[in-house]
Amino acid sequence: MLSGRLDTTTSPQLEAEFKSSLNGITELKLDFKDLEYLSSAGLRVLLAAQKVMNKQGKMTIFNVNETINEVFGTADKILDFFLRRKRVLAKYTKKAKRIMNRMEQAKAA
């Protein structure tokens, strides 16, 4: 169970714990009942743990308070924005490459 604050001061400790203990784990459950605050540094550690767990099992977070839930909601919106932007850029990059190829073919003809 996590308690208090997960921020720039405390997140390195959790990160070290994850790095030393996640290998071979297929299920990670995190109880946030007593966690009061989550900063971007703490969020980064959780996202890194999620990335590891996506490859080897699952990670579940429960008993999330309203404040921390808002942090997750904001992070979700930011990630969604960047994913949409990446898809749009990829679409237009492909389109631009096709146009450039056609222009080069037209010059060669």
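Q: Where is the place of Arg98?
A: Arg98 sits in helix H3, which covers residues 66–108. Helices (H or I, at least four residues) and strands (E, at least two) are DSSP runs, numbered from the N terminus. Residues are numbered from 1 along each chain as its sequence is written. The model is predicted: local features need pLDDT of at least 70, side-chain atom pairs count only at pLDDT 80 or more, totals for chains, interfaces and linings use all residues, and side-chain values use heavy atoms, with hydrogens and water left out.

Q: Is Arg98 buried or exposed, or in between?
A: Start with the cut-offs: buried means under 20% relative accessible area, exposed means over 50%, and partly exposed is in between (1.4 Å probe, protein chains only). Arg98 has a relative accessible area of 44%, so Arg98 is partly exposed.

Q: Which residues gather with Arg98 in a patch of positive charge?
A: A patch takes residues with over 30% relative accessible area and no salt bridge; like charges are joined within 9 Å, and nonpolar side chains (Val, Leu, Ile, Met, Phe, Trp, Tyr) within 5 Å. Lys and Arg count as positive, Asp and Glu as negative; His and the chain ends are not counted. Each charge is placed at NZ of Lys, CZ of Arg, CG of Asp or CD of Glu. Here Arg98 gathers on the surface with Lys91, Lys94, Lys95, Lys97 and Arg102.

Q: Which residues form a nonpolar patch?
A: Ile78, Phe81 and Phe82 do, with about 300 Å² of accessible area together. Such areas come from the Shrake-Rupley method with a 1.4 Å probe; for residues, only the protein chains shown count as cover. Take Phe81 as an example. Phe81 is in helix H3. Its relative accessibility is 43%, so Phe81 counts as partly exposed.

Q: How far are Gly73 and Lys95 separated?
A: Gly73 is in helix H3 and is partly exposed, at 30% relative accessibility. Gly73 and Lys95 are 22 residues apart along the chain, and their C-alpha atoms are separated by 33 Å. Now take another pair. Tyr37 and Ser3 are 34 residues apart in sequence, yet 8.8 Å apart in space, C-alpha to C-alpha. Tyr37 belongs to strand S3 (residues 34–38). With a relative accessible area of 34%, Tyr37 is partly exposed.

Q: How many salt bridges does the count come to?
A: Side chains of opposite charge can pair when their charged atoms come close. The rule asks for a side-chain nitrogen of Lys or Arg within 4 Å of a carboxyl oxygen of Asp or Glu. The count comes to 4 salt bridges.

Q: Which residues are linked in a network of salt bridges?
A: Glu15, Lys19 and Arg44 are. Glu15 and Lys19 meet at 4.0 Å, N to O. Both lie in helix H1 (residues 11–21), 4 residues apart, about one turn of the helix. Lys19 is exposed at 66% relative accessible area. Glu15 is partly exposed at 22%. Glu15 also meets Arg44, at 3.2 Å, N to O. Glu15 is in helix H1 and Arg44 in helix H2, so this pair ties together parts that are 29 residues apart in sequence. Arg44 is partly exposed, with a relative accessible area of 43%.

Q: Which side chain meets Lys29 in a salt bridge?
A: Glu27 does, at 3.8 Å, N to O. Lys29 counts as exposed, at 54% relative accessibility. Glu27 counts as partly exposed, at 39%.

Q: Which side chain of opposite charge is nearest to Asp31?
A: It is Lys33, 6.6 Å away. Asp31 is buried yet has no salt bridge. Asp31 lies in strand S2 (residues 27–31).

Q: What joins the side chains of Asp31 and Asn63?
A: A polar contact of 2.9 Å. The term means a pair of N or O atoms within 3.5 Å; within protein, one must be able to donate a hydrogen and the other to accept it, and residues adjacent in sequence count only if both atoms are side-chain atoms. Asn63 lies in the loop between strand S4 (58–62) and H3. Asn63 has a positive phi of about 60°, although Asn63 is not a glycine. Its relative accessible area is 42%, so Asn63 is partly exposed.

Q: Where is Ser39 found?
A: Ser39 is in the loop between S3 and helix H2 (40–56). Ser39 counts as buried, at 10% relative accessibility. A polar atom of the Ser39 side chain lies 3.2 Å from the backbone nitrogen of Ala41.
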